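Reader: I'm new to reading protein models. Could you walk me through this one?

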Amino acid sequence: MAIYTQGEKMAKPIQHNCTQYHISGVHFYNGANCIANIYFDKSFSTWGIQSHSRFNNSSRQGRFSPLQNEVFSVPADLLLNEGDKFTLTIEITDATGVKAHAFTFVYSRYSDAYASINTLDINNNNILWNTLHDHFANHVKRIVLENKGAYVAKLRVHYYNSKTKETGSKTSGSMAVGKSKFWDGITELHLPNNSYMYPEVVVVWGKNKKCDSKLYYVRQDSTRVVTYRCKGTTLKPTISEV
């Protein structure tokens, strides 16, 4: 069911730039006592067409009566690639006339953040939720340690899973001076999926040193590699991200 026929246009929308975080879902609620027409600028997937019967795929438009709601899971419902921008335009008609709002987002499969939009409070600027779990910039799966120190070293990875509250650490075998080693964080270091992690160099017959760089987020579906380099002596070791 298309809302607009060929040649018709929506009202000029008020623009909302919501691209400061990546999201993977949109929660829409028509809390206002009016009809709401919404429009995506991206096509629906086959699954999305089946899941959202209010929408017409050729027009990418849907109509919502008062108090109706819908949850859109971006990777399942819309045809998007990692890092793509997309816009959801909402048009509401009430006693004061027709108003349109266009919300532009950016998608990441590595983000658990989402947008929550209610037509009853359409001008609310705080529509992005769970933004601490936007892991677009810090997801990783593989870890490399380069041993440039004057000692035999081991890699110890500390982790914290915010969903299960599990904490712990995993320690590798020994590495000789001048060697580098590559680990899969999931299958070789056995870090829990969806965990924050940071490394520590364990110096055999010396002092250990934790890395002060940013936390990374271990994901099974990530293809990123993070490389660390340890230097120094047994009593003054260093470790840093390359």
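**Questions about the model**

Author: Touching, or contact, means heavy atoms within 4.5 Å. Before we go on, this is a predicted model, where local features need pLDDT of at least 70, side-chain atom pairs count only at pLDDT 80 or more, and totals for chains, interfaces and linings use all residues. Residues are numbered from 1 along each chain as its sequence is written, and side-chain values use heavy atoms, with hydrogens and water left out.

Reader: Is Asp184 buried or exposed?

Author: Asp184 sits in strand β15, residues 180–184. Strands (E, at least two residues) and helices (H or I, at least four) are DSSP runs numbered from the N terminus. Buried means under 20% relative accessible area, exposed over 50%, and partly exposed in between, with a 1.4 Å probe and protein chains only. Asp184 has 9%, so it counts as buried.

Reader: Which residue's side chain joins that of Asp184 in a polar contact?

Author: A polar contact is a pair of N or O atoms within 3.5 Å; within protein, one must be able to donate a hydrogen and the other to accept it, and residues adjacent in sequence count only if both atoms are side-chain atoms. A polar atom of the Asp184 side chain also lies 2.8 Å from the backbone nitrogen of Ile186. The side-chain partner, at 3.4 Å, is Lys141.

Reader: What is the order of the strands in the open sheet of four?

Author: Two strands pair if DSSP finds at least two bridges between them. The pairing in this open sheet is mixed, and the order is β6-β2-β9-β10.

Reader: Why is one side of β6 and of β10 left without a neighbour in the sheet?

Author: β6 (69–73) and β10 (128–129) are at the edges of the sheet. One side of each has no neighbour there because each has a single partner strand.

Reader: In β9, what is the bridge partner of Phe28?

Author: Strands of a sheet pair through backbone hydrogen bonds, either parallel or antiparallel. Here β2 (residues 25–29) and β9 (residues 114–118) run in the parallel sense, with four bridges. The partner of Phe28 is Ile117.

Reader: Which residues is Ser116 in contact with, leaving aside neighbours within four places in sequence?

Author: Ser116 is also found in β9. At 31% relative accessible area, Ser116 is partly exposed. The residues in contact with Ser116 are His27, Ile127 and Trp129.

Reader: What is the phi of Leu67?

Author: Most residues other than glycine have a negative phi, and most peptide bonds are trans. Leu67 lies in the loop between β5 (61–64) and β6, and with 55% relative accessible area it is exposed. Leu67 is not a glycine, yet its phi is positive, about 75°.

Reader: And what about the phi of Asn130?

Author: Asn130 belongs to the loop between β10 and β11 (139–140). Its relative accessibility is 36%, so Asn130 is partly exposed. Though not a glycine, Asn130 has a positive phi of about 60°.

Reader: Where is the pLDDT below 50?

Author: pLDDT is the predictor's confidence in each residue, from 0 to 100. The chain averages 91, and 95% of the residues score at least 70. The stretch with pLDDT below 50 is residues 1–8.
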